[in-house]
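User: I would like a close look at a single part of this protein. Please keep it brisk and give the cut-offs as you go.

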Amino acid sequence: METTSAVDDVLPGQEAPTRKVPLISWRIVVGIIAALAMVAVLFWIPVPFVVNSPGPTFNVLGSADGQPMINIAGTDPTTGETVRLDDPQSASFKDKAQPGQGQLRMVTVSETGGPGNRLSFAQLIGAYFDSHSKILDYSSVYPAGATREKVSDAQVAMMRNSQTTSQVAALEYLGWDVPATVTIEGATEGSNAEGLVAQGDILRTITTPDGTRHDVTSAATPFALMRTIPAGTQMTLTIERDGDTRDVSFNSVAVSANTSGSRLGVYLSVVPTLPVDISFNLSGVGGPSAGMMFSLGIIDRLTPGDMTGGNAIAGTGTMSYDGRVGAIGGIQQKMWGALDDGARWFLAPSDNCSDVVGHVPDGMRVVAVSTLDEAANAVRSIADGTGDALPTCQ
């Protein structure tokens, strides 16, 4: 079977001749169109999924671009000595910081498929056959209306907060005094504090039902106190508003099921007064999950010798002002990333143990920790060669 088509080159008064067009040419055209459609489906049309994969890790005891990952400068309030750990030539740097001997690695997750970086079908297929990646529904990760800018801003804010909490927790762990101003930013929705507190109220004291007044002079005070208070307990807050001091009373609210303690039901912001200047030489990483490793890095930098005993130790977990290690996401991918970068020990939040069991890479030992004190002791036990006795996830 053949088809014909007219040609353009004809003289006036003449009929246009015809030429034969092979059917195979149409098959080629159809094939090209089909191939382009397949390419569009595979690489251009986004699919509603997000993929988490092992990301890079960073040794917080190491350096980047010739500068320490953690810079510390100031005066040690416990000894009066000048601390200068941002200058490799300073005496304090040589005495207390010895980068390169051991490693404390913060870990990350690489994400594909978020706002502004949607996942293709080809990437989804690749992730499906990658045992180290995890596929999630887009709607379970991001709310409607999320944009790359909003997500980036939130990640940066969480990273900054984790750096602040890690500094306060580490310095107070070392016995340093870290005064802070704690301000109420408002009441949480549905809490008993609604209508009683206002944005800008400075929290001065918290009084428990037994009449004990707890002065709020450090960032840790309200958080540590509320971990011991049952939900439904009447609390009295002394606040300063527009220069005037007043008391407000209301019942605390539950945190969540199977969690001890309670919450005041207010949003708090903290401005600590650090006795030394601490900065982090890290860019392109967001989120709150490096808090514990930052704290451990600061402790290592401010104490003599190598806290790790030359071991490569990775870990993850949020850090609260009162030294509590909190759960994070993507821990399975983070363990694989740590193993790829040479870590054989991994510190995991106790609250993440259900995600750890059954997913520990061969050759890695996971230690479960719930506080900064436990994490620091774990690092020292690993350094001493007694790490095998440490608690793990079961």
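Take Lys334: does it count as buried or exposed, and at what relative accessibility?

Analyst: Lys334 counts as buried, because its relative accessibility is 4%. Buried means under 20% relative accessible area, exposed means over 50%, and partly exposed lies in between (1.4 Å probe, protein chains only).

First, the ground rules. This is a predicted model, with residues numbered from 1 along each chain as its sequence is written, and side-chain values use heavy atoms, with hydrogens and water left out. Local features need pLDDT of at least 70, side-chain atom pairs count only at pLDDT 80 or more, and totals for chains, interfaces and linings use all residues.

Now the annotation. An unreviewed UniProt entry places the feature "active site" at Ser289 and Lys334. The two span 46 residues in sequence, yet no two of their C-alpha atoms are more than 10.7 Å apart, so they gather at one spot. UniProt positions are given in the numbering used here, feature names are shortened, and annotations may be inferred rather than shown by experiment.

Lys334 sits in helix H8, residues 331-340. Helices (H or I, at least four residues) and strands (E, at least two) are DSSP runs, numbered from the N terminus. Eight of the 10 residues of H8 are buried, so the helix is largely enclosed by the rest of the structure. Among them are Ile331, Gln332, Gln333 and Met335, as well as Lys334. After H8 comes Gly342, with a positive phi near 95 degrees.

Ser289 has another setting. Its place is the loop between strand E20 (276-280) and helix H7 (291-301). Ser289 also counts as buried, because its relative accessibility is 14%.

Next, the neighbours. Contact means heavy atoms within 4.5 Å. Leaving aside residues within four places in sequence, Lys334 is in contact with Val107, Thr108, Val109, Ser289, Thr316, Ile328, Gly329 and Phe346. With residues up to four places away not counted, Ser289 touches Thr316, Gly317, Thr318, Ile328 and Lys334.

The two side chains also pair directly. That of Lys334 makes a polar contact with that of Ser289, at 3.0 Å. A polar contact is a pair of N or O atoms within 3.5 Å; within protein, one must be able to donate a hydrogen and the other to accept it, and residues adjacent in sequence count only if both atoms are side-chain atoms.

For context, the chain has 10 helices and 25 strands. Of its 394 residues, 42% count as buried.
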